[in-house]
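Dear colleague,

I am passing this structure on to you, and below it I have set out what was found. Please look through it with the model open beside the text.

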Amino acid sequence: MTGSPATSSAAARVRNLTKTYGAGQALVRALDDVTLDIASGEFTAVMGPSGSGKSTLMHCCAALDTADSGSVFIGDQDLTQLKDKGLTRLRRDEIGFVFQAFNLVPTLTAEENIQLPMAIAGRKADQAWYDNVVATVGLGDRLKHKPNELSGGQQQRVAVARALASRPRIVFADEPTGNLDSRSGAEVLELLRRSVDEYGQTVVMVTHDPVAAAYTDRVVFLADGRVVDELRAPTREQVLEVMNRMAEHTP
Amino acid sequence: MIRAALKSLLGRKVRLVMSTFAIVLGVAFVAGSLIFSDTLSRSFTALFASTVGDVVVRPVGGTTADGAPSTVTIPADVLDDLREVPGAARVDGNVNAFGVFVVSADGKVVSGFGPPAIGGNWSDAPAGHGLEGLAITAGHEPHGPDEVVLDERTAERAGYEVGDRVDIIPSTAAEPSEGGGLPTHLTPTLVGIAGFPSGGSLNGATYAAFDTPTAQKLFLGGQDAYTDVWVTAADGVSQAQLRDDVAPLLPDGVEAVTGDDAADEAASDLLQAISFITTFLLIFAGISLVVGAFLIVNTFSILVAQRSRELALLRALGASKRQVLWSVQLEAFVLGVLGATLGLGLGVLLAMAIRALFANFGLDLSGQPLIFASRTFLASYVVGILVTMAAAWLPARRTARIAPVQALRDDVALPESSLQRRLWWGLGLTVAGLVVLALGLFSDLPHGGWQTGGGVLAILLGVAAMSPVISRPFLALARAVYARVFGTIGNLAGQNALRNPRRTTATASALMIGLTLACTMAIVGDSAKASVDRSIEENFVGDFVVSNVIGTAFTPAIGDQMEKVQGVEHVVRERFQTGERDGDRQGVSAVDPGDVDPLELDVSDGDPADYADGSVLLQRSWAEDEGLEVGDDLELDMPAGKRTYGVAGIVEDNPVVFAPVLMTLRDFADAGFPDSDNVLILFTDDSPGIQDRLDAVVADLPVVTVKDQGEFAQEQREPIDQFVLIIFALLGLALVIAVLGIVNTLALSVIERTREVGLLRAIGVSRVQLRTMITLESVVIAVLGAILGVVLGTGFGIALMYAVRDQGLEVISVPLTQLVVFLVLSVVIGVLAAIFPARRAARLDVLRAIATE
């Protein structure tokens, strides 16, 4: 099923994306002809069991990995056609990324980390927007601290702020709550939710946590490299139900 | 445990190769210098064995300063007496003279800087112990005034074959050529080639042999005498026995020595003269090992830090502290063995290179295979392994402090010793080094050289220990400047350099050491040149200096000719040679009393008028050292026997006087020194064309040149330049090690920060920006090392020059341009060192980099 409403304003479009690892007996089909649209201004979750290809899909969309065939459009740009320079520019200007392991630059303060993508691009931050983001992240007086002086939840909120600060077309979050306790995780998810609601940010999140998925507008389920199901305005229970059904199908 | 250690060793090949490189170079220097000096000494001993007879009869005092035969000769009738000795199988007289230059077919003098140009009579006498000496290998022996034999090498180098006319300049020939002109050229026919059929070499000396009457005519003014005599022992007669039989028959002033003694003596003189090369190489071996040790400490620190989780796991699995520590030491041991082995191989190449270099300078050792003494192997391995293991000890010791529980944590930080403590240690070491250095430089304690070297080493290590603290302001400043100039990328680079100041500064220290020494040498060289310039400017008298390029003496006929040149008002002749005083060599020079004034010698004690035959003038510094005053007697052993001179006056030190004892030309000749000039100083009317007319006199003598003040100064500066250049070349190797150190540290840092690099790429840092970042970090390290090195080196250089300021080097000159060049060079070094690590970082697969733990 290629289940997505035909939105004219798709932030990202995936067409017939295929990626395999290994060869012969050991061949693994990480992505098997995936086609998917990510609507603008929506909070989308990608779910699936381990090895379902959800991380690979996101890495390909975020210009971190290349697929074997098919194409990925961010806006109108087919990133499978881009060389390293173009990909770098795309990552810098169009994409925000939140990693599971925070991945802040340890030598820089929280504030410097947030401004890093813009500083690298040599751009000035839109001050009003930046103030908004910083206020939303709610770090307050901790902005001048180095990452190792912040808690895990604080670090991840800085990472989210960094992803939002340059107003990218789309933000990818790879298990952003995976390393956090439930309270810190909730804060981060809350933050992502608000960025969608208040600023119309497009967010795609890979997760295996039904609680996290419940914060989103739409959940796409992957199994064996294929999109197998999807939910709109999901609740925790609905998500669990689909996951259980999928677990029964795959022995 | 051992398997685990070896496995981890193999897993890190590139890093190992780089850290081994320092060991390889250090060991190569050690091995190379040992192999070369062994080869040299074997070659000399073998060589001289074939250049002496069983018993050598020679004038007492033997030879003059440059090894030339003294003017005392052995009359022919002594030989007849010797032939009566029952143990003597045969007696052969030799005539030898130095400064007999062979000019090649294309007009160049065949010679080297050290080895002499020998002329003499042909003799087929066997060398000691029945060794076959020089023998004719082609053609026949020389007969009559127009035939000559050359040694193989010389004939080959000069491009002559049997039957050719050979151009020979007998610059010290006693007999003026016909018409009283200069005995400039001989053009005998080459009738034979001499070689060592059973091995041996002249070590680069040139040899031209005539028949005995011709040689006597040319070199001994025609007297029927010899410069030395070989007595060959009959069968069953030992050298010592023969010597004792011969000795009673000899006239006064002539002695007999066994061939073995004579060979040893000759060999050891020469060996001593070039032993500085071995010392030199060993010093550089020491430098590269110290620099290398820094590199190893650093590499192992990083490796251990990266592996701390793995080591903690080993601890959690039940390995004891000791086992963990020794697993690291085992790696160091393997590395040391590897480095020593490669170093030994490189050392052989180095020895061969030095041998080739020496052949270039005229000291030909190609006939002698390289000598591998067991001590060379032993020294190489001991040095290589010990240095590696000792350097790895510090980081290895820290592993023992890793708690097993850390295996379970995400990021393990190795416990670091406090910087505070390091600062105090370093400070203590530096102060101790300063004290020792001061003692070495400014006190009269023995072994000043060791104290100076030890002090310098202690200061270098002390500063290296302190550098994480004292470099902080520099690193902070560098960060600020980078941030301003290069924006965020610059800021990141600066922060990275600050992140682990220990590592940054340890890496910089390797460069610091190399540049410290380079700066010291630059200052010493520059000061020496400035001193030469100043003393020449202050003391150069007359208008032209005539001297022999190779420094040997030349025939007085040149001075005679110069006096007749139109425009020449006065010619001052200066001579110098070496006699002996209380068994030690003592340089003496000769100037006529009438020339004391023109030379502007300042006779401060005594009366210049008292300076005449039988008396001497002494240089002030020497006279004070020796406690001699006007009116004292000075006793010297001269080639012609013991002589006593009255001290007529004390002369202020003046570089125009080449030796501290100044005597008249007549006394000089009487003492048994050859009748030849070393330097002529010409006073002219400076009329146009004067130099051309003077040049014309020596046009046929390529070895003798006429120079004005500027040219003379240039000539004096040249050896200093060459010396400094050689040292720079050797220090270049220390710099190569330092560069490798930076490469190593950066490469390891990149590996360590893989995830961070991946992150930067993921948020849009381009490859170019990443490369820039790593290059900037590298440049900070290099510039830090350079600044420390230049500061220390300038300090050492000035201290050193200050310490020797009363030894004729009173000018302290700091070559600012050169120091700036060093700093610029360090930037280049930084950029170059970053190439490989930067490329590696830029090529990292972004996704995999992020996924890295």
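**Nonpolar cores**

The largest nonpolar core has 207 residues, and those with the most contacts inside it are A:Cys61, A:Val160, A:Phe172, B:Val291 and B:Ile737. A nonpolar core here is a set of buried Ala, Val, Leu, Ile, Met, Phe, Trp, Tyr and Cys residues joined through C-beta atoms within 7 Å, and a residue is buried if 20 or more other C-beta atoms lie within 10 Å of its own, with C-beta atoms placed from the backbone. Helix α21 of chain B (residues 767-803) gives the most to this core, with 18 residues. Leaving aside neighbours within four places in sequence, B:Val291 is in contact (C-beta atoms, placed from the backbone, within 7 Å) with residues including B:Ala22, B:Ile513 and B:Ile737. A second, separate core of 113 residues includes B:Val56, B:Ala557, B:Ile690 and B:Val698.

Before going further, please note that this is a predicted model, in which local features need pLDDT of at least 70 and side-chain atom pairs count only at pLDDT 80 or more, while totals for chains, interfaces and linings use all residues. Residues are numbered from 1 along each chain as its sequence is written, and chains are lettered from A and ligands numbered from 1 in the order in which they are written.

**A buried strand in chain A**

Helices (H or I, at least four residues) and strands (E, at least two) are DSSP runs, numbered from the N terminus. Strand β3 of chain A (residues 43-47) is largely enclosed by the rest of the structure, because five of its five residues are buried: A:Phe43, A:Ala45 and A:Met47 lie on one side, and A:Thr44 and A:Val46 on the other. Two strands pair if DSSP finds at least two bridges between them; β3(A) runs parallel to β8(A) (residues 202-206) over four bridges, where A:Phe43 has A:Val203 as its bridge partner. Four bridges also join β3(A) in parallel to β9(A) (residues 218-223), and there A:Val46 is partnered by A:Val220.

**An open sheet in chain B**

In chain B, six strands form an open sheet of mixed pairing, in the order β4-β7-β12-β9-β11-β8. Strands β4 (96-98) and β8 (135-139) of chain B stand at the edges with a single partner strand each, so one side of each is left without a neighbour in the sheet. Within the sheet, β7(B) (residues 117-121) and β12(B) (residues 206-210) run parallel and are joined by five bridges, with B:Asn121 opposite B:Phe210.

Kind regards

Technical notes:
Buried ≥ 20, exposed ≤ 12 C-beta atoms within 10 Å, placed from the backbone. Contact = placed C-beta atoms within 7 Å.
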